[in-house]
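The exercises below lead through aromatic rings and a sheet, each with a worked solution. Please look at the structure first and try each task before reading on.

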Amino acid sequence: MKTRTYLAAIVLTVLVPLLALSAWGLHLLLEEEKESRLLTVEARARSIALSIDKELVRAEGALRVIGQTELMAREDFPPLYELMRKTITSPDSWAVLYDAGGRMLMHTHHPYGTSFDEGPNNWVPQAIALGKPSVSNLREGRAGKWKVVSVNLPVKNADGGQFLL
């Protein structure tokens with residue numbers, strides 16, 4: 001054999017394992033980076049879920065306060081509207097009062113006394129029938145501008161009137 005053949009065999013004997021080892025090391029590095037990114041995404045998702053849960057609990061608490069007031073029991077809507085505006089839990093939220101038939105009586109994004117001719121909301125009687133607080137699935141709002149999630153609290157006054165906050 002010629003010297004050139006020996007040199008080629010030695011180079012291949014050294015380079016092939018070196019290339020294989022490099023590929024294996026690169027694979028391990030990429031897997032570690034992938035695992036790290038997945039853990040970061042999982043932590044962010046957990047943080048977002050906790051933030052959403054916290055906001056929903058605050059909204060439910062505000063609705064419970066409104067629902068237990070004397071204003072709600074007397075159906076004294078003008079001051080109830082003002083109370084609803086003051087208890088909004090975040091800039092991106094609003095409060096709405098529905099009657100048992102699903103008609104919107106007032107909405108804190110609109111001035112008190114605004115007439116809502118949108119017809120009944122079919123989901124309201126179902127939410128009232130639950131008889132306990134509930135949170136809706138993500139759905140398109142009536143105006144079609146936003147996707148919304150509602151925190152619902154059925155309220156029954158002494159006269160038997162049923163409403164949904």
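**Exercise 1.** Determine whether W123 is buried, exposed or partly exposed, and find which charged end sits over its ring.

*Solution.* W123 has a relative accessible area of 21% and is therefore partly exposed, where buried means under 20%, exposed over 50%, and partly exposed in between, with a 1.4 Å probe and protein chains only. Next, the charged end of R139 sits over the ring of W123, 4.1 Å from the ring centre; the criterion is that NZ of Lys or CZ of Arg is within 6 Å of the ring centre and within 35 degrees of the ring normal. This is a predicted model, in which local features need pLDDT of at least 70 and side-chain atom pairs count only at pLDDT 80 or more, while totals for chains, interfaces and linings use all residues. Residues are numbered from 1 along each chain as its sequence is written, and side-chain values use heavy atoms, with hydrogens and water left out.

**Exercise 2.** Work out how many aromatic pairs the structure holds, and describe the one formed by F77 and F163.

*Solution.* The structure holds three aromatic pairs, counted when the ring centres of Phe, Tyr or Trp (its six-membered ring) lie within 6.5 Å, with planes under 30 degrees apart called stacked, over 60 edge-to-face and the rest tilted. One of them joins F77 and F163, edge-to-face, at 5.9 Å centre to centre and with 85° between the planes. Because F77 lies in helix α3 (residues 77–86) and F163 in strand β8 (residues 162–164), this pair ties together parts that are 86 residues apart in sequence; helices (H or I, at least four residues) and strands (E, at least two) are DSSP runs, numbered from the N terminus. Both F77 and F163 are buried.

A further pair, also edge-to-face, is formed by Y98 and W123, at 5.4 Å centre to centre and 75° between the planes. Y98 belongs to strand β1 (residues 96–99) and W123 to helix α4 (residues 123–130), so that distant parts of the chain, 25 residues apart, are linked. Y98 is buried, with a relative accessible area of 9%.

**Exercise 3.** Find the order of the strands in the open sheet, and explain why one side of β2 and of β7 is left without a neighbour.

*Solution.* The four strands follow the order β2-β1-β8-β7 with antiparallel pairing, where two strands pair if DSSP finds at least two bridges between them. Since β2 (104–107) and β7 (154–156) stand at the edges, each has a single partner strand, and therefore one side of each lacks a neighbour in the sheet. β7 and β8 pair over three bridges, and V155 has F163 as its bridge partner in β8.
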